[in-house]
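Work through the exercises below with the sequence and the model open. Each task is followed by a solution in steps.

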Amino acid sequence: MMRRPKIARSIHSGIRNLVLHRLRSLLTMLGMIFGVGSVVAMVSVGEGAGRQALEQIQMLGSNNIIVNSLQPIEEEAAGRSRSHMSLYGLTYADHRRITDTFAAIKRVVPVKLLRKEARFGEQTLEARVVGTTAEWFELVPRPLLGGRVLNERDQQRGASVVVLSETLARRLLALENPLGQMVKIGGSYFEVIGIIRSEAVQLGVMQTPDRQLDAYIPLNVVRERYGDIMVRRSAGSRVRERVELHQLIIQVDVIEQVESTASGLKEMLRRFHQAADYRIQVPLTLLRQAEATRRTFNVVLGAIAGISLLVGGIGIMNIMLANVTERTREIGIRRAIGAKRSQIMGQFLVETMVLSTTGGLLGILVGLAIPWLITRLTGLQTVVTPQSLVVSLGISMAVGLVFGLYPAHRAARLDPIEALRRE
Amino acid sequence: MVEIIRLEKIWKTYQRGRRQVNALGGVSLPIAAGSFWAVMGPSGSGKSTLLNLLGCLDRATSGCYLLNGVDVLRFSDEELSDLRLRHFGFIFQSFNLIPQLTVRENIDLPLYYSGGDAATTSARVASLAEAVGLAQQLEQRPAELSGGQQQRAAIARALANQPEILLADEPTGNLDSATSRQIMELLQRLNQRGKTIVLVTHDPQIAAYAHRRLFIRDGQIERIEGET
């Protein structure tokens, strides 16, 4: 037996009403459309930003602790006098101490950064020299485009070899096959043994030895060739500074020990450094902070969503109350025929939900269009998750249910005789 | 003779501001199954109130209302709705079709509320439309029909659930005399097939179709005419 579901007829009636008063329905639904639209859009922007931050932090390695040398403020001021030499930052002794002290550490990778002129034939460029060990390439994996990366043997024999970043290789060597070429960096010749992809990481506070124009040379070779004193020319004066190591990347065995190691590290560095000439960064902590920020953002978002949907819901309730008044006579007729109060109530509830759900669906379209536009216009990453669409739709229906209750109740409570008398 | 309705000492009192208005003041009336009644009287005499009470749209303040021997005065709103759905068909002066629904949807409204299945409903609507001569107009809206056609659609709707009693409030009030005659002949035929009919009118010519005429004044029965 084919039993006609009553709800289908109410939905049909709701749609017919919506189409009958097109403009009015559209205006009524605007609140829902913009409410749902902005929620979907904001979630996608937040999700995109969050994911981007997570990716960037994860790239630093959640098992890692990064210590950077930092020029203290008083040193920076003193550095302006001509004869002064700034002396700050991490030392080789720090490197040794850290390696020897902490059991939970898997490896410590030292990094020394220098600016040197790189020359090949007529072409010269200012490159950033990254003096490091073979382990750097295991800790900060970059796709190898040709040749090989530094290894233990290069260090042991103090080989004059260099790994170039893709951008540097292309700018310096143009169309030549870079592998095996001799490149002059800061007055010494180095053999190009490999090319790795340059990955531009822009991370505000984070500093990684990964700029576009990088030349990776074994640390001991860098020390031997250039020493630890750097001369910087700035604003007509020469600034001399002595920095042994610019960065230590410390990899911890297991993620559970990252934070305890970080606090131990902090304790140790404080004891051996008088000035605050270093900064410890723990990607894991940043990761947690990013997640906490995202949670806060979600709460704010939820509040905004709540308010906009409240406004949308009130708009819908308002129009449904008008609808009930307009259709008083119809309600009277239905009651005279034998419709129960609950049936009248159900009819108006379903009609309200049709209105709110249609608004929600249109809002989802708006919410899909906005992130698309944002990505196209600003390049910001946006992620529309299916969950946000399902939740939005669910909320739209719920808004219809909640804000339909009162008008439906009013409709159901009408006295049939009074209702029939109404013109 | 079977009594389908029995009213005993029915009072209906309204509160109008501080004043109490007795719309009906102790009406007692037996209505036999298959009878045809016309209720007459000046406006404000209580005709419509009586009809609404008979149709369970309204509840008497006191008295006793037996429908098929059951006292329905204490019935809940829901139970009264169900009585209207199954036992009564209403016909109004202004037809009271729902304008945004088609003729078909208007006619099958009672079947929709009583929960009939699609096939039965569709067959029933077709035969009802046939009976009132609207088979060709089922997909039209009420506004596209003439007054007489609208009233016939309303009668078809009133008959949908095969009620025993038809209640008509000035059913020809908005119609010209030729159309009125058609409608009254239709009601007469329905009465001959066993429907109990109570109609309110102030037109003696219309009242002449009924077997019994009830005159009401100031909420009380003045006299009853016609064969018993």
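pLDDT is the predictor's confidence in each residue, on a scale from 0 to 100. The model is predicted: local features need pLDDT of at least 70, side-chain atom pairs count only at pLDDT 80 or more, and totals for chains, interfaces and linings use all residues. Residues are numbered from 1 along each chain as its sequence is written, and chains are lettered from A and ligands numbered from 1 in the order in which they are written.

**Exercise 1. Confidence**

Task: State the mean pLDDT of chain A and of chain B, and find the element of chain A with the lowest mean.

Solution. Step 1: chain A averages 85, and 92% of its residues score at least 70. Step 2: chain B has a mean of 93, with 100% of its residues at 70 or more. Step 3: elements are DSSP runs numbered from the N terminus, helices being H or I of at least four residues and strands E of at least two. Step 4: over residues 202-210 of chain A the pLDDT stays under 50. Where pLDDT is low, the predicted coordinates should not be read in detail. Step 5: for the complex, the predictor gives an ipTM of 0.95 and a pTM of 0.73.

**Exercise 2. Overall form**

Task: Decide whether chain A is spread out or compact, and do likewise for chain B.

Solution. Step 1: chain A has 14 helices and 13 strands. The radius of gyration (over C-alpha atoms) of chain A is 34 Å, well over the 22 Å from the globule rule for 423 residues, so chain A is more spread out than a compact globule. The rule is 2.2 Å times the number of residues to the power 0.38. Step 2: the C-alpha trace of chain A spans about 105 × 50 × 50 Å along its principal axes. Step 3: chain B has 8 helices and 10 strands. Its radius of gyration is 18 Å, close to the 17 Å that the rule gives for 228 residues, so chain B is as compact as a globular protein of that length. Step 4: the trace of chain B spans about 50 × 40 × 40 Å along its principal axes.

**Exercise 3. A helix pair**

Task: Describe how helix 10 and helix 13 of chain A pack.

Solution. Step 1: helix 10 (residues 283-326) and helix 13 (residues 386-413) of chain A pack at about 35°, with axes 9 Å apart. Axes are lines fitted to C-alpha atoms, for helices over the stretch in contact, and angles run from 0 to 180 degrees between N-to-C directions. Step 2: residues are in contact if their C-beta atoms, placed from the backbone, lie within 7 Å. Helix 10 of chain A contributes residues including A:G312, A:G313 and A:M317, and helix 13 of chain A residues including A:G400, A:F403 and A:G404.

**Exercise 4. A residue in chain B**

Task: Is B:A154 buried or exposed?

Solution. Step 1: B:A154 lies in helix 6 (residues 147-159) of chain B. Step 2: a residue is buried if 20 or more other C-beta atoms lie within 10 Å of its own, exposed if 12 or fewer, and partly exposed in between; C-beta atoms are placed from the backbone. B:A154 counts as buried because it has 26 C-beta neighbours inside 10 Å. Step 3: leaving aside neighbours within four places in sequence, B:A154 is in contact with B:I91, B:F92, B:F95, B:N96 and B:L97.

How values were computed:
Two residues are in contact if their C-beta atoms, placed from the backbone, lie within 7 Å.
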